[in-house]
Every structure is written in structure tokens, then in C-alpha cells.
Amino acid sequence: MANLKEIRGRISSISSTMQITRAMKMVSAAKLKKAQDAIVMLRPYSEKLQEIIQNVNASSDADQVSVYAQKREVKKVLYIAVTSNRGLAGAFNSSIVKELNIQFQNNSQHDIEVLTIGKKAYDAVRRSRKVYSNDSAIFENLNFDSVANVTEGVMKSFREGAFDEVYVIYNKFVNAATQEVTTEQLLPISMPDNQEAPVETDYIFEPNRAEILDNLIPKSIKTQLFKAVLDSVASEHGARMTAMHKATDNAQELKNDLVIFYNKARQAAITNEILEIVSGAEALKNS
């Protein structure tokens with residue numbers, strides 16, 4: 001009976017775990033809708049902003065290159081790794097850390113630093129890599145201004161020559177079950193060649209092209225990083241919802257197996273007790 005008691009305890013424990021995973025799935029599903037709407041609405045704005053910059057730049061003089069578009073010899077590189085502050089999301093965080101390690105190996109000749117957005121990324125690299133900054137707190141009150149403040153610091157470091165290239169690694173949201181690990185170059189921004197991208201429309205610029213670019217390019221860089229963070233947030237909820245759904249199904253399957261095993265063990269115990277009683281009665285009768 002001690003064995004049966006242990007099995008009952010395991011069944012009860014699994015049932016409690018199922019309640020937790022089911023609740024976490026429901027919470028993530030509710031948060032996913034809001035996060036998905038946010039990234040779906042931001043993407044067209046970000047794409048149109050890039051298009052405007054390219055059109056304006058294509059009609060500018062070759063010597064009017066933004067400081068954020070200037071390419072130089074690559075010696076120092078900054079990677080912005082976007083993860084979450086919490087786990088229980090399948091391979092969501094580990095895939096970013098894996099991609100970050102691949103980038104380290106491919107660029108081992110460069111001086112590399114990491115800016116972490118998310119505690120999981122910080123915990124993974126803080127002992128082995130040089131951490132430029134840990135900005136995991138922005139998830140506590142996530143908005144454009146909080147991400148823009150982080151981007152301002154990165155842009156300032158790039159202007160001052162602290163870094164020659166800046167990349168952002170994040171999970172791009174595709175759907176609730178699919179997230180793509182993406183590495184994008186944040187700085188210097190890529191500008192089309194004036195000769196390859198002629199202006200199709202004659203624009204009248206007010207005040208002038210240079211000033212427009214000076215205002216649009218920083219906003220575009222901030223928007224790009226904000227989009228990456230929103231993509232990551234939506235991906236996190238999708239990954240956690242999927243992971244908790246699988247965990248609930250696995251727990252249910254394990255519970256069913258334990259219930260069958262418990263019933264068989266219980267039936268065997270009852271059969272043994274009946275045999276003992278019958279054997280005892282026969283012994284008394286024969287005596």
C-alpha cells in the first residue's frame with residue numbers, strides 16, 4: 001500500500017502542475033493578442049519610414065552622408081541581444097544565446113561587447129563576455145520612449161567611435177507557433193547607391209534634404225530597435241503559450257499512464273488480499 005500511496009501522490013502533483021501550465025497558457029494567449037496587434041501596426045510604419053529615407057537619400061549629394069551611415073574599418077562590434085526576463089518559453093531564450101555564440105565565433109577577430117535586453121541574455125553572457133549595458137528593466141514599462149533612451153546611448157557611442165558596427169539579435173514573430181531568430185544590422189544604416197536608386201518623383205523638400213535626413217534617420221534607428229523588442233515580446237508570449245500547451249498535454253499523458261498503473265497495482269493488491277483470505281480459510285477448514 002505504501003507504493004500505491006506514492007503513486008497517488010505523484011498523480012496529485014501532476015494534476016497541480018497541469019493547473020499551473022494551463023493557467024500560464026491562458027495568460028500568454030491573452031497577452032499575445034495585444035503584443036501581436038502592436039507589432040502588426042508598427043511594421044508598416046517602420047517600412048514606410050525606411051522607404052522615405054531611401055527616397056530622400058537617393059536625391060542627395062554623395063558628400064551628404066549621415067554620420068549614422070558612415071562605414072569604417074570594423075574593430076569594435078556591439079550586439080544587442082533581446083530575450084525575456086522569464087523562462088518557461090521553450091527554446092525562445094536559448095536560441096538567442098545560441099545565435100549570439102555563433103556571432104562571437106564568426107567575429108572572434110573583433111572586440112565584441114553585448115547590450116542585453118532581458119535577464120536571460122544577461123545571465124547567459126555576464127560571466128563570459130563584456131557587457132556594455134543591461135537594460136532588462138524596460139520590460140517593466142515598455143514603450144517607445146524607454147527603448148528610444150537605450151537607442152540614444154548606442155547611437156552616441158557609435159558617433160564617438162566606441163563601436164564600428166551594431167547588430168540586434170531577436171526573435172521575429174511569425175505566428176504563435178513560429179519565431180525566427182533574426183540578426184539585423186542597426187548601425188551603420190544601409191543606404192542605397194544613388195546611381196542604383198534614382199528618384200522617380202520630383203520632391204520639393206522643406207526645409208532641406210540634409211535636415212530631413214538628420215531627423216528621420218535617428219527616428220528610423222529607434223523605430224527599428226523598438227520593432228525588434230515588440231517582435232520579441234510577441235514571440236515570447238507565443239513561445240510560452242506553445243510550450244505550456246505541450247507541457248499540459250505531456251502531463252495529461254503521464255497522468256493517464258500513472259492512473260492505469262495505479263489501478264493495476266490496486267487490483268493486484270486486492271487480488272493478493274483475497275488469495276490470502278481464501279488460503280487462510282482453507283487452512284482453518286483443513287485443520
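Here are legends for a few close-up views of this predicted model. Local features are given only at pLDDT of at least 70 and side-chain atom pairs only at pLDDT 80 or more, while totals for chains, interfaces and linings take in all residues. Residues are numbered from 1 along each chain as its sequence is written, and side-chain values use heavy atoms, leaving out hydrogens and water.

**View 1. Helix 2 and what covers it.** Helix 2 runs over residues 92-106; helices here are DSSP runs of H or I with at least four residues, strands are E runs of at least two, and both are numbered from the N terminus. Its 15 residues should span 21 Å, and the end C-alpha atoms sit 22 Å apart, which agrees. That expected span is 1.5 Å times one less than the number of residues. Buried here (under 20% relative accessible area, 1.4 Å probe, protein chains only) are F92, N93, S95, I96, E99, L100, Q103 and F104. Among the elements covering them are strand 1 (76-82), strand 2 (111-117), helix 3 (119-125) and helix 5 (209-286), where contact means heavy atoms within 4.5 Å.

View 2. K33 and D37 pair up at 2.8 Å, N to O; a salt bridge means a side-chain nitrogen of Lys or Arg within 4 Å of a carboxyl oxygen of Asp or Glu. Both residues belong to helix 1 (residues 2-58), four residues apart, or about one turn. D37 is partly exposed at 32% relative accessibility, a class that lies between buried and exposed (over 50%). The other bridge joins E51 and K48 at 3.4 Å, N to O, and these two are three residues apart in helix 1, again about one helical turn. E51 is partly exposed at 38%, and so is K48 at 46%.

View 3. E236 and R240 form a salt bridge, with their closest N and O atoms 2.9 Å apart. They lie four residues apart in helix 5, about one turn of the helix, and both are buried. Searching the whole structure turns up eight salt bridges.

View 4. The domain assignment, automatic or from a database, gives domain 1 (2-16 + 243-281) and domain 2 (27-191 + 203-242). Their C-alpha centres are 51 Å apart. Four residues of domain 1 touch seven of domain 2. About 370 Å² is buried between them, 57% of it from carbon and sulfur atoms; this is the accessible area (1.4 Å probe) lost when the two parts are put together, summed over both. The interface has zero salt bridges.
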